[in-house]
Amino acid sequence: LLPPPPSAVEEAAALKESGNALYAAKDYEGALVKYTSAIVLSPLDAKLYSNRCACHLSSGSYSAAVLDAARARHLAPEWTKALYRLAQARLGVGRYEDAACAAWE
């Protein structure tokens, strides 16, 4: 994938901020919509996938959380928050050994 144009990155940042506000208000579904829209505009931003993963975790959608956490980790392999989210998501789906491995990577 090619990096998005600056205008798309700016719009994605605005959507992320809206998503953050909704998440803080515990409106996880609303935040999920904002983060998903931001991902469409800026698909290489690991933080967007991590934030959407947090929505899935808070909503109990652990399988979807695993996918988003894995994408965040792929995009930012050294980012510890992506590894943490991956461990949380794997715990949610009952993959305990995989969760422990993610926590120690």
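Guide: In this predicted model, helices α5 and α6 are roughly antiparallel to each other. Residues are numbered from 1 along each chain as its sequence is written. Because the model is predicted, local features need pLDDT of at least 70 and side-chain atom pairs count only at pLDDT 80 or more, while totals for chains, interfaces and linings use all residues; side-chain values use heavy atoms, leaving out hydrogens and water.

Visitor: At what angle do α5 and α6 pack, and how far apart are their axes?

Guide: Two packed helices are described by the angle between their axes and the distance between the axes. An axis is a line fitted to C-alpha atoms, for helices over the stretch in contact, and angles run from 0 to 180 degrees between N-to-C directions. Under 35 degrees counts as roughly parallel, over 145 as roughly antiparallel, 65 to 115 as roughly perpendicular, and the rest as oblique. Helices (H or I, at least four residues) and strands (E, at least two) are DSSP runs numbered from the N terminus. Here α5 (residues 80-92) and α6 (residues 96-104) pack at about 170°, with axes 8 Å apart.

Visitor: Which residues in α5 meet α6?

Guide: Contact means heavy atoms within 4.5 Å. Leu 83, Leu 86, Ala 87, Arg 90 and Leu 91 in α5 meet α6 residues that include Tyr 96 and Asp 98.

Visitor: How do the axes of α2 and α3 cross?

Guide: The axes of α2 and α3 come within 9 Å and cross at roughly 155°, which makes α2 roughly antiparallel to α3. The crossing is left-handed, meaning that the near helix is turned anticlockwise from the far one by less than a right angle; clockwise would be right-handed. Residues of this contact divide into nine nonpolar, five polar and two charged. Among them are Tyr 28 and Leu 32 in α2, and Arg 52 and Cys 55 in α3.

Visitor: How many salt bridges does the count come to?

Guide: A salt bridge is a side-chain nitrogen of Lys or Arg within 4 Å of a carboxyl oxygen of Asp or Glu. The count comes to two. Asp 68 pairs with Arg 52, the closest N and O atoms being 2.7 Å apart. This pair links distant parts of the chain, from helix α4 (residues 62-75) to helix α3, 16 residues apart. Asp 98 and Arg 95 form a salt bridge at 2.9 Å, N to O.

Visitor: Is Asp 68 buried or exposed?

Guide: Buried means under 20% relative accessible area, exposed over 50%, and partly exposed in between (1.4 Å probe, protein chains only). Asp 68 is at 5%, so it counts as buried, and Arg 52 is buried at 15%. Asp 98, at 30%, is partly exposed, as is Arg 95, at 36%.

Visitor: Where is Ser 42 found?

Guide: Ser 42 is in the loop between α2 (28-41) and α3 (46-59). Ser 42 is buried at 8%. Not counting residues up to four places away in sequence, Ser 42 touches Pro 4, Val 9, Ala 12 and Leu 48.

Visitor: What phi does Lys 26 have?

Guide: Lys 26 has a positive phi of about 65°, although it is not a glycine. Lys 26 sits in the loop between α1 (6-24) and α2, and is exposed at 61%.

Key:
Ala, Val, Leu, Ile, Met, Phe, Trp, Tyr, Cys and Pro count as nonpolar, Asp, Glu, Lys and Arg as charged, and the others, Gly among them, as polar.
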